[in-house]
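Please keep the sequence and the model at hand while reading.

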2 protein chains.
Amino acid sequence: MKFSNRIMSMETSPVRKLIPYANGAKAKGKKVYHLNIGQPDIKTPELFFEAVKNFSGDILTYSPSNGIPELIDAMIQYYKNYDIDFSKDEVLIMNGGSEALLFTLMTLLDKGDEIVVPEPFYANYNSMFQVLEINVVPISTKIEDGFHLPSKAEIEKVITPKTKVLLISNPANPTGVTYTKEELDVLAAVAKEKDLFIISDEVYREFVYDGLEYESFASKAKADVKDRVIIIDSVSKRYSACGARIGAVLSKNKDFMAQLYKLCQARLSVPELEQIGSAALYKTPQSYLEEVNEEYKKRRDIVFDALNNMEGVVCRKPEGAFYYIVKLPVDNSEKFVIWLLEEFDIDGETLMMAPAEGFYATPGRGVNEVRIAYALKAEDLIKSMKILEEALKQYPGRVL
Amino acid sequence: MKFSNRIMSMETSPVRKLIPYANGAKAKGKKVYHLNIGQPDIKTPELFFEAVKNFSGDILTYSPSNGIPELIDAMIQYYKNYDIDFSKDEVLIMNGGSEALLFTLMTLLDKGDEIVVPEPFYANYNSMFQVLEINVVPISTKIEDGFHLPSKAEIEKVITPKTKVLLISNPANPTGVTYTKEELDVLAAVAKEKDLFIISDEVYREFVYDGLEYESFASKAKADVKDRVIIIDSVSKRYSACGARIGAVLSKNKDFMAQLYKLCQARLSVPELEQIGSAALYKTPQSYLEEVNEEYKKRRDIVFDALNNMEGVVCRKPEGAFYYIVKLPVDNSEKFVIWLLEEFDIDGETLMMAPAEGFYATPGRGVNEVRIAYALKAEDLIKSMKILEEALKQYPGRVL
């Protein structure tokens, strides 16, 4: 009785594998600030709960495998506000961005095929590559460049005949980089020249700061690659509705959508109530998104100012999403996080961060880096940064 | 830009591929009785909706990847009523029985591995085998035997060194067979001798008729294979809550559960509201299940009596679930169903059934069979059977 090779090659989520240490700290009465996960503390718009509570049906039936019409229409309208036109058959509703990505990868890549992704990248991407036995080939990016892309020539170097897909997260989890139009142009040119699909994970689309211009890969400016582009979307971050597990895949490549739809049929449907609630979310006034954006910008700046005052800490101010990748003056960031949970506290309080090694495909990279999510409210972030500053002074594995 | 071989090898669901014909019939003003899908018309217990409406949180957050404690506890208690003991770490909550099965298959089988399944079997199993590139090896069963299993020797014949799993649905979709303790003993013995896992899909557990004794593969009588057994469960049919998309995997093999849990982590979580509602469902009084069982028994008998009066129709009375596989005196059941939708009606009414070929792995089997779901109310079934009887007389491809 052996398990599959695919499952055995899958590593435990680096974000989640330290949870037992956090639970241990809590069992000892410590308060733990969770800077390790992107769970916003912003309220989900009431519209969701109202719509769910107003559901008047008396049977929870299977809904259409592609999603309920109200939600598909709401998403189409949302994209129209960005001057992007999608038709009904170019949208498939998914069980979260996670299923959206897993099914998209299954549709595009076989075992041994290569996917090119700027690293560091979202650790769950790796989990999916591993279980699907897809080989990930990283485009290396660095803190010092704010994680922006290298030149076209550098990107082309990693493309091989086995490469089938370019995958980006934009704005990016875990780096906060927001790609410029010019960077997207380079990726589009590479995709055309090398005949690749582009998966653009844009679940943080509204989280772009400082008036920076943001371009979706679905925008009209990228019309010449529209058949290559697959958008991953979700209500999770946009409306602080992670627990609804409602995502979507959008693409103008109808052959792709027809293939992907077979997987949607095999899993029958997505919960109807969550779809009804999510359709209502799209009626949230624009002011909500603006206020949330303002709040995150404030949080980002609190963390930035604090990190900049810590000796030996290296980071750049993120342009989007709500994460930092930060280089710390420590021997090993996983050991440091475990030490924070097991050995350290200030007045009974400590913090948890995600060791960054799990966000890299290249062995050895990220060993002294962490990902910090600034999804907690300002006062908690201020306390967390004080704890981090003091901890870095006391940590026995400090390296300066 | 090619799609993956795995997706290209996946056939469109035979149950769903005729939907355009049904839509065409409706567009022409026909009423279509849907005997093709197992969507019960029984009301979902109010407890679900009450629990969801009473949710007092204001943020929809990620919930634990293994499921919320209330639902896990509710399932454990439900199994205790069957004298089956599961502990908290032996239950993982899933996005429906579909995700439960997909993730279980990913955990156990690699490309090219073999899974042995009595045929005919649920068509979505085939979709999953195809996209995971698992080879299905059928154990042939026949209408005339009520789809009961052949001898141990016959079963052993199909086992090869590549066989890793035996999969059964019990009570079975699409045949309605409910395996005897002796049949389960045979499967258990084969699993032990050949070192196999057993996946037992028991989502129709409460749908067993005529006072027949039902044994779960998780029961104490099967303790000697408990480390091999993986139970697929769901609230969909039990509580007429297909749209909640809440399922579960239960197993006493903790190593298996640890591997499977990695996939749960990768997809983050299952919707919290649906879990809260489903936990409440388990407080439904036993009388609900008894009334539903009585109602289905009545429906089964209506269909049986009607089918038995039709010339050239072959079927056995199902012992469980709510499906019939029926042999019809037609040249090709898919052509017959399309003809029903396109060409036939009585007073503007017609019916849809699932051609059975898609439920078989052996080429050529099931060509003149259909699956009939008796999930509709008695009067609709009576009308449907009248339509079927008349249609069989008029169908140009009739074969007697």
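## An enclosed strand and its partner

Strand β9 of chain B covers residues 323–327. Four of its five residues are buried, so β9(B) is largely enclosed by the rest of the structure. Buried here stands for a relative accessible area under 20%. This is a predicted model, and the description below follows it as such.

β9(B) is joined to strand β12 of chain B, residues 369–373. The two run antiparallel, with five bridges between them. One bridge can be named by its residues: Ile325(B) has Arg371(B) of β12(B) as its partner.

## The three-stranded sheet of chain A

Chain A has an open sheet of three strands. Their order is β9-β12-β11, and the pairing is antiparallel. β9 (323–327) and β11 (354–355) are the edge strands, each with pairing on one side only.

Within this sheet, β9(A) pairs with β12(A), residues 369–373. The sense is antiparallel and there are five bridges. Ile325(A) has its bridge partner in β12(A), namely Arg371(A).

## The seven-stranded sheet of chain A

Another open sheet in chain A holds seven strands. Read across, the order is β2-β8-β7-β6-β5-β3-β4. The pairing is mixed. At the edges stand β2 and β4 (135–140), each of which pairs on one side only. On average, neighbouring strands are turned by 25° against each other, direction ignored.

Strands of a sheet pair through backbone hydrogen bonds, in a parallel or an antiparallel sense. Which sense joins β6(A) and β7(A), parallel or antiparallel? Strand β6(A), residues 197–201, and strand β7(A), residues 229–234, are parallel and share four bridges. Ser200(A) finds its bridge partner in β7(A), at Ile231(A).

Helix α4(A) lies across β2, β7 and β8 (246–251) of chain A. Its direction is at about 115° to β2(A). Helix α9(A), residues 254–266, lies across β2, β7 and β8 of chain A too. α9(A) runs at about 30° to β2(A).

## The largest pocket

The largest pocket holds about 770 Å³ of space. Its lining has 33 residues. Nearest the centre are Pro64(A), Ser65(A), Asn66(A), Tyr261(A) and Ile19(B).

Which elements each supply at least two residues of this lining? They are α4, β2 and α9 of chain A, together with α2 (19–27) of chain B. The largest share, six residues, comes from α9(A). By class, the lining of the largest pocket has 15 nonpolar, 11 polar and seven charged residues.

## The second largest pocket

The second largest pocket has a volume of about 570 Å³. It is lined by 21 residues. Closest to its centre are Arg16(A), Ile19(A), Pro64(B), Ser65(B) and Tyr261(B).

Two or more lining residues come from α2 (19–27) of chain A and from α9 (254–266) of chain B. The largest share, five residues, is that of α2(A). The lining of the second largest pocket divides into eight nonpolar, nine polar and four charged residues.

## Backbone exceptions

Most residues other than glycine have a negative phi, and most peptide bonds are trans. Some places in this model depart from that pattern.

Start with phi. Asp83(A) is not a glycine, yet its phi is positive, about 60°. Asp83(A) sits in the loop between α4 (69–80) and β2 (91–95) of chain A. In chain B, Asp195(B) has a positive phi near 60°. Asp195(B) lies in the loop between α8 and β6 (197–201) of chain B. With a relative accessibility of 38%, Asp195(B) also counts as partly exposed.

Now the peptide bonds. Glu119(B) and Pro120(B) are joined by a cis peptide bond, with omega about 5°. Pro120(B) is placed in the loop between β3 (114–119) and α6 (123–132) of chain B. Another cis peptide bond joins Asn173(B) and Pro174(B), where omega is about 15°. Pro174(B) belongs to the loop between β5 (163–169) and α8 (181–194) of chain B.

Notes: Residues are numbered from 1 along each chain as its sequence is written. Chains are lettered from A and ligands numbered from 1 in the order in which they are written. This is a predicted model: local features need pLDDT of at least 70, side-chain atom pairs count only at pLDDT 80 or more; totals for chains, interfaces and linings use all residues. Side-chain values use heavy atoms; hydrogens and water are left out. Buried means under 20% relative accessible area, exposed over 50%, partly exposed in between (1.4 Å probe, protein chains only). Two strands pair if DSSP finds at least two bridges between them. Axes are lines fitted to C-alpha atoms, for helices over the stretch in contact, and angles run from 0 to 180 degrees between N-to-C directions. Contact means heavy atoms within 4.5 Å. On a 1 Å grid over the protein atoms alone, a cavity is a set of points where a 1.4 Å probe fits but cannot get out, and a pocket is an open set with protein on both sides within 12 Å along at least five of seven lines; lining residues have an atom within 4 Å of a point. Grid points are joined across faces, edges and corners, and a volume is the space filled by probe spheres set on the points. Ala, Val, Leu, Ile, Met, Phe, Trp, Tyr, Cys and Pro count as nonpolar, Asp, Glu, Lys and Arg as charged, and the others, Gly among them, as polar.
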